[in-house]
Amino acid sequence: MKFPSLSTALLLLVTTTTTFAGAPYTYWVMGSGNLTRRTGWDGGKHDEIRFTAKVGLRKITFSEKHNKPVWIRAEGGVVSNQGGDGEGDRKELSDEIGPMGGADLSVPSGTWIRGVQVCSQREKDDEDRQIRGLRFVTSKATSDGRIVEDSKTYEHKAAGCKDWSSTWARCDKGEIARGVRAFHNGKWYTGLELVCGPLAKH
C-alpha cells in the first residue's frame with residue numbers, strides 16, 4: 001500500500017462527535033500547548049500533530065513497514081455535545097507501509113485523552129526500541145456538562161509488546177491533550193509526549 005508523501009498529505013476531517021443527553025456543553029483546550037514528560041525513548045528526532053482549540057485527542061494509530069512503526073495518525077473530537085467535526089492528521093517516516101498492525105487505540109465518545117504510556121519490545125540497545133503498545137487515561141463528560149478525570153485505563157498491545165515505560169506522558173490536572181509529539185530515530189517511532197491545555201467553557 002502506498003500513501004502520498006507528507007508534503008502532499010492534507011488535513012483529514014473525521015466526524016467523531018456524538019450528541020449526549022444532559023446539559024449542553026462546549027469547551028476549548030486553551031493555551032499554546034504544554035508538553036508532558038516523554039514516555040518511551042527519545043530517538044533524537046520528533047514529529048508533532050496539534051489540533052485547533054476546540055478539539056481534544058481521542059485516538060492514536062501506528063502502521064508499519066517490515067514490522068516497524070513508521071506512520072502515526074492522531075485523531076481528535078470536539079469537546080462538546082452540540083455536534084461538529086473532529087480533526088485528523090498523520091506523519092510518516094516512509095511513504096510505503098504494510099497493512100495496519102501496529103499499536104492502535106481510541107477512547108469512547110464523550111472522553112478525551114489526558115495521559116499515555118508506551119510499551120516497547122526488549123532490545124539490547126535503547127536506540128533500537130520501538131512503540132509496540134499504548135495505554136490511555138482519560139477525562140470524560142458528566143451528565144451536567146462538566147469534564148472530570150476518569151478512573152478507567154484503555155490498552156492495546158501489538159505483537160512484541162514486552163516492556164511498559166516506567167514514565168507516563170500525563171497532562172496536568174484540569175487539562176486534556178490537544179496533540180501529540182512522536183519521537184523517532186529516522187526509521188521508526190520510539191516515544192511520545194502529549195501537547196496539553198486547560199479547558200475553558202464556551
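**A first pass through the model**

Reader: What does Ser-165 touch, leaving aside its neighbours within four places in sequence?
Author: This is a predicted model. In it, Ser-165 is in contact with Thr-39, Gly-40, Gln-117 and Val-118.

Reader: And where is the place of Ser-165?
Author: Ser-165 is in the loop between strand S12 (163-164) and S13.

Reader: Is Ser-165 buried or exposed?
Author: Ser-165 is buried, because its relative accessible area is 9% and the cut-off for buried is under 20%.

Reader: Changing topic. Which residues touch the most other members in the largest nonpolar core?
Author: Those are Ile-60, Phe-62, Leu-134, Phe-136, Leu-192 and Leu-194, in a core of 28 residues. Among the elements that give two or more residues to this core are strand S5 (55-65), strand S10 (131-141) and strand S15 (189-201).

Reader: What does Phe-136 touch?
Author: Not counting residues up to four places away in sequence, the contacts of Phe-136 include Ile-60, Leu-105, Ile-113, Val-116, Tyr-154 and Trp-168.

Reader: Last thing. What is the mean pLDDT of the protein chain?
Author: The mean is 83, and 83% of the residues reach 70 or more. Where pLDDT is low, the predicted coordinates should not be read in detail.

Terms used
Residues numbered from 1 in each chain as written. Predicted model: local features only at pLDDT ≥ 70, side-chain atom pairs only at ≥ 80, totals over all residues. Heavy atoms only, no water. pLDDT = per-residue confidence, 0-100. Helix = DSSP H or I, 4+ residues; strand = E, 2+ residues; numbered from the N terminus. Buried < 20%, exposed > 50% of the residue type's maximum accessible area, 1.4 Å probe, protein only. Contact = heavy atoms within 4.5 Å. Core = buried A, V, L, I, M, F, W, Y, C linked by side-chain atoms within 4.5 Å.
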